[in-house]
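Reader: Good morning. I have a structure to study and would like to ask some questions about it. May we go through it together?

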Amino acid sequence: MKNRYLIYHAMLLFAVSFVSCKQDGEYHTITDKIEADQKPYHGDLSSEELLAGTELIQITEGEHTFLIPERKGQIKSYACIECHSKPLNEMKGANGQKAHWDLKINHAAIETMDCATCHNPDNMNNLKSLTGKDIDINLSYKLCAQCHSKQFEDWKGGAHGKKVAGWAPPRASMTCVNCHNPHNPGFETRWPAQFNTQKVEERKDGLGH
């Protein structure tokens with residue numbers, strides 16, 4: 001009798017999972033309803049007005065297509081080869097040029113990473129992959145993705161990083177270098193911007209501390 005009850009109960013649950021709770025027939029099954037509810041709905045909302053005047057380029061990574069800020073136009077001294085007209089060993093200290101020699105890398109151990117790990121000495125207009133291939137500076141996130149693959153997967157899916165404007169489409173996301181200094185990517189420890197010592201004291205008093 002108990003086994004028969006369990007079988008009946010299981011069959012009932014199975015049937016419910018494939019029958020819509022709606023009486024108007026909008027969904028054929030519960031699965032249809034769940035899938036419909038999971039689809040993003042923005043109605044008439046759009047971030048286009050907020051993005052006006054921002055230089056953006058469209059990229060596609062896997063199944064994700066979205067916009068990112070154009071980078072080269074924001075670099076005052078681009079193209080780099082206007083200054084980098086000689087090999088680095090000939091340029092260092094020449095004619096008092098000291099544009100980048102004061103930069104210090106705080107990214108990885110010096111035995112692991114130096115300037116030439118990311119920059120191409122033979123073509124300073126491009127970055128360089130670990131396999132020696134050129135990477136367009138506008139697509140610098142591809143360089144970061146070689147080591148930071150977990151963050152890259154989260155970023156291209158929209159779970160890591162910040163948006164250029166709102167969350168409504170079209171999606172426009174900041175890239176790694178918009179938030180992180182590539183030579184010193186870590187963030188310093190700091191108090192929250194809205195930290196209020198008066199509120200802290202009031203909360204302590206309210207808790208009887």
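Author: Let us begin with a term: a residue is called buried when its relative accessible area is under 20%, exposed when the value is over 50%, and partly exposed in between. Please also note that this is a predicted model.

Reader: How does lysine 72 count by that rule, buried or exposed?

Author: Lysine 72 has a relative accessibility of 19%, so it counts as buried, given that the cut-off is under 20%.

Reader: Which side chain does lysine 72 meet in a salt bridge?

Author: The partner is aspartate 136, with 3.0 Å from N to O. This pair links distant parts of the chain, 64 residues apart: lysine 72 is in the loop between E2 and helix H4 (88–91), and aspartate 136 is in strand E4 (residues 134–136). Aspartate 136 is partly exposed, at 27% relative accessibility.

Reader: How many salt bridges are there in the whole structure?

Author: A search of the whole structure finds four. As a general point, side chains of opposite charge can pair when their charged atoms come close.

Reader: What can you tell me about the one between lysine 142 and glutamate 61?

Author: Their side chains meet at 2.9 Å, N to O. Lysine 142 belongs to helix H6 and glutamate 61 to strand E1 (residues 56–61), so this pair also connects distant parts of the chain, 81 residues apart. Glutamate 61 is buried at 11% relative accessibility, whereas lysine 142 is partly exposed at 35%.

Reader: And how far apart in helix H7 are lysine 150 and aspartate 154?

Author: They are four residues apart, which means that about one helical turn separates them. Their side chains form a salt bridge of 3.0 Å, N to O. Lysine 150 is exposed at 57% relative accessibility, and aspartate 154 is partly exposed at 28%.

Reader: Let us change topic. Which residues make up the largest nonpolar core?

Author: There are seven: Ile59, Phe66, Ile68, Tyr141, Ala145, Phe152 and Trp155. Strand E2 (64–69), helix H6 (141–145) and helix H7 (149–157) are the elements that give two or more residues to this core.

Reader: Why would such residues gather?

Author: In soluble globular proteins, nonpolar side chains tend to be buried together.

Reader: Where does serine 173 lie?

Author: Serine 173 lies in the loop between H7 and H8, and it is buried, at 2% relative accessibility. Leaving out residues up to four places away in sequence, serine 173 touches several residues, including Phe66, Ile68 and Trp155. The side chain of serine 173 makes a polar contact of 3.0 Å with the side chain of arginine 171.

Reader: Which peptide bonds are cis?

Author: One runs from tyrosine 78 to alanine 79, with omega near 15 degrees; alanine 79 is in the loop between E2 and H4. Another joins proline 169 and proline 170, where omega is about 0 degrees. Proline 170 is in the loop between H7 and helix H8 (176–179). In general, most peptide bonds are trans.

Reader: Finally, what is the average pLDDT of the chain?

Author: The chain averages 82, and 81% of the residues score at least 70. Over residues 16–24, however, the pLDDT is below 50, and this stretch has 15 contacts in the model beyond near neighbours in sequence.

Methods:
Residues are numbered from 1 along each chain as its sequence is written. This is a predicted model: local features need pLDDT of at least 70, side-chain atom pairs count only at pLDDT 80 or more; totals for chains, interfaces and linings use all residues. Side-chain values use heavy atoms; hydrogens and water are left out. A nonpolar core is a set of buried Ala, Val, Leu, Ile, Met, Phe, Trp, Tyr and Cys residues joined through side-chain atoms within 4.5 Å. Buried means under 20% relative accessible area, exposed over 50%, partly exposed in between (1.4 Å probe, protein chains only). A polar contact is a pair of N or O atoms within 3.5 Å; within protein, one must be able to donate a hydrogen and the other to accept it, and residues adjacent in sequence count only if both atoms are side-chain atoms. Contact means heavy atoms within 4.5 Å. pLDDT is the predictor's confidence in each residue, from 0 to 100.
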